[in-house]
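Please keep the sequence and the 3D view open.

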Amino acid sequence: MTSNTRVVVIGAGLAGVRLARRLSELGVPAVLVGEEEHTPYNRVLLAEVLAGRYAPEVIALPTPERLTRGRVVRIDRVRRRVHLADDTVIAYDTLVLATGSNPVLPPLRGLFAPDRHELPEGVHAFRTMDDCLGLSGAVRQDTRAVVIGGGLLGVSAARALAERGAQVVLAQQGERLMERQLDPSASKLVLRHLKDLGVEVHTESRVRGVRCVGGAVRLVEMADGYTLGADLVVLACGVRPRAGLAQDAGLAVHKGVIVDDELRTSDPHIRAIGDCAQHDGQVYGLAAPALEQADVLAELLAASLNVSPAGTAPAQGAAGYSGTRALTRLTLTTGGSPASGGPLDLAAFGEHTPLPGDDVIQLTDATRGTYRKVVVRDDRLVGGVLVGELGTVGALARAWEGAEPLPTDGAPLLHLLTNDGGS
């Protein structure tokens, strides 16, 4: 079966769905190809589903009108066609790769049998709805769960499993939790919060392998010889761009699919956005850049095709993509400090490690379990870390994103740091 359309988008995650929706609003016909059987969903909220706070349908995204379910296996750049595993062929004028990323599976001894490529029973990645539902169906009260990886995803998974009543051990190879996003002081507060939830945390602790009995995981082996009993193992070791399809098609790929400011790949008829794209040397792997890239590309495509919604003028001179100043935010919704008894909210943005000559404003309240630090360079807010029950994130993020000079007396910035009001 063969069909024709002007724009084909591969990938029904946040970036792909956002692009398809914006193109529809702008009057550009597009087909979205999604591999998963589930209704498109917000991957950022999977931990909330695992924790039992949200049903899967709550995190569903608006389903585009022209959604094709299937796995793309080949891109024919000469004929401008994509081939699906079920032999469906879709022709395109412009192809957009929004293929996302794959979980990193560490080279652990015993993870894969010589003649098998599937993970053992009880071992789960935590990237898709199927991963989430598999974990959710397996966890029980007092289930022994080991989470490997102490980044944003590992912390989220450990918290969610603890809320479900599991006995959770988190093993982090680095010296602190969320070391990519947080400074040491903020990381200590996250560690304290997880311990309040009953999570046992081991930092500077490398996992060497897993032991299985009858095809199911039973033990996790540490590099120092220590073993952890395990009914569940969660692999939260990061992600890498899903660029195999692009690479097989002969597109330029480094860390991700290389794109320019118009999000074009090395083939002018193919664009890339989201986790799979590498712009100006950077792969973001975050929701905010993916959404921004989708919005920018929709305007660019509408302008290039000289189309617009009925009753409006055609788009002209759409601006390119110049990068995203991304903010990382996570809310740990139970536990917290003994004093607050409430959620632990954290945010990190920009450069929170000061350079010589930078000014640092830092406020710590050990009783309330809050920590706020911002870095100012040449009278501009360049980054910060905020932990606690925060109402200041929005205002500080706007000050950072605007990159406007701050008042020289510093009073308004100090007010933002000390104000727990709205965002």
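Two strands count as paired if DSSP finds at least two bridges between them. Helices (H or I, at least four residues) and strands (E, at least two) are DSSP runs, numbered from the N terminus. This is a predicted model, where local features need pLDDT of at least 70 and side-chain atom pairs pLDDT 80 or more, while totals for chains, interfaces and linings use all residues. Residues are numbered from 1 along each chain as its sequence is written, and side-chain values use heavy atoms, without hydrogens and water.

| Partner of S2 | Bridges | Partner of Val-7 |
|---|---|---|
| S3 (residues 30-34) | four | Ala-30 |
| S8 (residues 94-97) | four | Thr-94 |

From S2 the chain crosses through helix H1 (residues 14-25) to S3. This β-α-β crossover is right-handed: with the strands pointing away from the viewer, the path from the first strand over the helix to the second runs clockwise.

In a regular strand, side chains alternate between the two faces of the sheet. In S2, Val-7 and Val-9 point one way, Val-8 and Ile-10 the other. All are buried (under 20% relative accessible area, 1.4 Å probe, protein chains only).

Helix H7 (residues 287-305) has buried residues too, among them Gln-293, Val-296 and Leu-300. S2, H1 and S8 are among the elements that cover them (contact: heavy atoms within 4.5 Å).

Elsewhere, S14-S15-S16 form an open antiparallel sheet. S14 (207-213) and S16 (227-229) each have a single partner strand, so one side of each lacks a neighbour in the sheet. S14 and S15 (residues 216-222) pair over six bridges. Arg-211 stands opposite Leu-219 in S15.

Methods. Buried means under 20% relative accessible area, exposed over 50%, partly exposed in between (1.4 Å probe, protein chains only).
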